[in-house]
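Thanks for coming. I'll go through one model today, starting at the surface and ending at the pocket.

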Amino acid sequence: MIRTIIFDIGRVLLDFDWVTYLASYHFDCETEKRIARAVFENPSWVEFDRGILSTEEVIDLFVHADPELEKEIRLVCSKLYQTVTRLDYAIPWIRHLKNQGYQVLYLSNYSDYYFRTTQFALDFLPEMDGGIFSYRVQMVKPHHEIYEKIISDYHLVPDETVFLDDTPINIKAAKECGLHGIVFRNLDDAKKELEALGVS
């Protein structure tokens, strides 16, 4: 029996669309690809979420990846909060699950910068029973330690807990820690997969 539902946040409870955001600057095709590689596809992006480096230090890593485009990279990084959009289904969905008696938590790779600048899209947080942002604990998915921390902090029974995340590797890690896992693709499919686990 499932008693606890844990949600990832980005691309699950809010939309994170850096492709459309980057396109809004109307760079030429090659410049846009280079900025994408230097910023959004850069392995250093995870340092945003890990919360050890400052925002400025992470942006410096992006610039270091393509110094010729420093001006453009810093311009794009000046309004990164515009990559985030509020999803209207989040609060009704959470309320429905809570009304059915489920504990509802979040487990998200999320940076201090995004937390401070995207409050407009995080209005569902007061509806939830708690959770973990990666930057606050300096741990990130898919490392097992962050799953083990939420299990410990909230005294969860893994076999009575399901985790929804849009990234397959994060679900693989959750399952390795004993949780049920659902790769989130869209709302309808997620509800069907939850129903298969007995969650109405």
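Which residues form a nonpolar patch on the surface? They are Ile52, Leu53 and Leu61, and together they have about 230 Å² of accessible area. Patches here are made of residues with over 30% relative accessible area and no salt bridge, with like charges joined within 9 Å and nonpolar side chains (Val, Leu, Ile, Met, Phe, Trp, Tyr) within 5 Å. The areas come from the Shrake-Rupley method with a 1.4 Å probe, and for residues only the protein chains shown count as cover.

Before going further, a note on the source. This is a predicted model, in which local features need pLDDT of at least 70 and side-chain atom pairs count only at pLDDT 80 or more, while totals for chains, interfaces and linings use all residues. Residues are numbered from 1 along each chain as its sequence is written, and side-chain values use heavy atoms, with hydrogens and water left out.

Helices (H or I, at least four residues) and strands (E, at least two) are DSSP runs, numbered from the N terminus. Ile52 counts as exposed because its relative accessibility is 52%, while Leu53, at 31%, is partly exposed. The cut-offs are under 20% relative accessible area for buried, over 50% for exposed, and partly exposed in between, with a 1.4 Å probe and protein chains only. For scale, Leu53 and Glu176 are 123 residues apart in sequence and 29 Å apart in space, C-alpha to C-alpha.

Next, the salt bridges. How many does the structure hold? There are 17 salt bridges, each defined as a side-chain nitrogen of Lys or Arg within 4 Å of a carboxyl oxygen of Asp or Glu.

Take Arg3 and Glu160, whose closest N and O atoms are 3.2 Å apart. Arg3 lies in the segment before β1 (4-7) and Glu160 in the loop between α9 (144-153) and β6 (161-165), so this pair ties together parts that are 157 residues apart in sequence. Arg3 is partly exposed at 46%, and Glu160 is partly exposed at 25%.

Asp123 and Arg86 form another salt bridge, at 2.7 Å from N to O. Asp123 is in the loop between α7 (112-117) and β5 (131-133), and Arg86 is in strand β3 (residues 84-86), 37 residues apart. Their relative accessibilities are 30% for Asp123 and 34% for Arg86.

Arg95 pairs with Glu127, with the closest N and O atoms 2.9 Å apart. Arg95 belongs to helix α6 (residues 90-99) and Glu127 to the loop between α7 and β5, so parts 32 residues apart in sequence are tied together.

Last, the pocket. How much space lies in the largest pocket? About 560 Å³. A pocket is an open set of points on a 1 Å grid over the protein atoms alone, where a 1.4 Å probe fits, with protein on both sides within 12 Å along at least five of seven lines; lining residues have an atom within 4 Å of a point. Of the 24 lining residues, Arg11, Phe16, Trp45, Asp49 and Asn109 are the closest to the centre of the largest pocket. The elements that give two or more residues to this lining are β2 (14-16) and α3 (45-50), with α3 giving the largest share, three residues.

Methods:
Grid points are joined across faces, edges and corners, and a volume is the space filled by probe spheres set on the points.
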